[in-house]
Amino acid sequence: MSEFADTAPYYATYRPGIPEAAVRLVSQTVAAKQHPVLLDLGSGTGQVPAALHEAFAEIDVVEWDPGMLAEADKALASLTGTTVRLHHKPAERFTPPHACWAADVVTVCRAFHWMDQLAVLSLLDGCTAKDATFVAMGDGSLWTARSAWTDALRSLIQEYTGSDRRAGKDRTYAAHDRPYREILAESVFADVEEHAIPVERPWTPQTVIGYLYSTSFASRPLFGDRLEEFEEQALDMGVLIEHASFDVLLAHRP
């Protein structure tokens, strides 16, 4: 079972979107292309294709959680001017839709840590353009954020789910400590540049709870029969501000 089972509706509604500055950064990499192709791995509910579709003629969306893929299908169904294909499979098992296919940009947003990174990069060696760009981007989570209110929120979650960070119902989270820059330097995408985009987000107790239910560390099943008790305590929070960095790593084939 996926670490994100039953979280897809909350993910589609409450996960913060892609900052416009990040959209511009990625779009600029294909500005001179006649027919650019995007491959989005671990797409979730399709936030990245929805944000970037105007820059691409074709988009292939890869997601292995069926609930997430259904939400992506709904989000992308109304796009015009772009061919969108959905692939229900893990990133490591992606296969190109036809023999002449090659991606100009590969994006992974808030998902690279879940993947077999070396396997994915090896796979991409054979199905990307000679001047392709690999993009890893994301902004951490309210679990990893460091402020007085996020520390208090994390402590509250731990009261109900245990001290270890959960990764779905039956697992705990295993952190990936090696920087992506080092991993990519050993791949065909060895020319790496990093960008940090500051973002400020207002949160209400209701949007915090919705966001938490979209995650693997605080999804609804993890609270069992104490779910209502947790919500009552979480609703005591006021309007909150998060100051975060949305990090974009662009890795080019040299």
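A residue is called buried when its relative accessible area is under 20%, exposed when it is over 50%, and partly exposed in between (1.4 Å probe, protein chains only). The model is predicted, so local features need pLDDT of at least 70, side-chain atom pairs count only at pLDDT 80 or more, and totals for chains, interfaces and linings use all residues. Residues are numbered from 1 along each chain as its sequence is written, and side-chain values use heavy atoms, with hydrogens and water left out.

**Exercise 1. The chain as a whole**

Task: State what share of the chain is buried, and compare its radius of gyration with that of a compact globule.

Solution:
- Step 1. Of the 254 residues in the chain, 52% are buried.
- Step 2. The radius of gyration is taken over C-alpha atoms, and the globule rule is 2.2 Å times the number of residues to the power 0.38.
- Step 3. For 254 residues a compact globule would have a value near 18 Å; the chain has 18 Å, which agrees.
- Step 4. Along the principal axes, the C-alpha atoms fill a box of roughly 55 × 30 × 30 Å.

**Exercise 2. Helix α2**

Task: Determine which residues of helix α2 are buried and name elements that cover them.

Solution:
- Step 1. Helices (H or I, at least four residues) and strands (E, at least two) are DSSP runs, numbered from the N terminus. The chain has 9 helices and 7 strands.
- Step 2. Helix α2 spans residues 20-28, and its buried residues are Ala22, Val23, Leu25, Val26 and Ser27.
- Step 3. The cover over these residues includes α3, β4 (103-109), β5 (128-138), β6 (191-203) and β7 (240-252).

**Exercise 3. Phe56**

Task: Locate Phe56 and decide whether this residue is buried or exposed.

Solution:
- Step 1. Phe56 is placed in the loop between α3 (47-52) and β2 (58-62).
- Step 2. The relative accessible area of Phe56 is 3%, so this residue is buried.
- Step 3. A contact means heavy atoms within 4.5 Å. Leaving aside residues up to four places away in sequence, Phe56 touches Val30, Pro36, Val37, Leu38, Gly81, Thr82 and Val105.
- Step 4. Between Phe56 and Asp104 lie 48 residues in sequence and 9.4 Å in space, C-alpha to C-alpha.

**Exercise 4. Thr215**

Task: Describe the place of Thr215 and the backbone atom that its side chain lies 2.7 Å from.

Solution:
- Step 1. Thr215 is in the loop between α8 (205-212) and α9 (227-234).
- Step 2. Thr215 is buried because its relative accessible area is 1%.
- Step 3. A polar atom of the Thr215 side chain lies 2.7 Å from the backbone oxygen of Leu212.

Methods
Polar contact = N/O pair within 3.5 Å; in protein donor to acceptor, adjacent residues only side chain to side chain.
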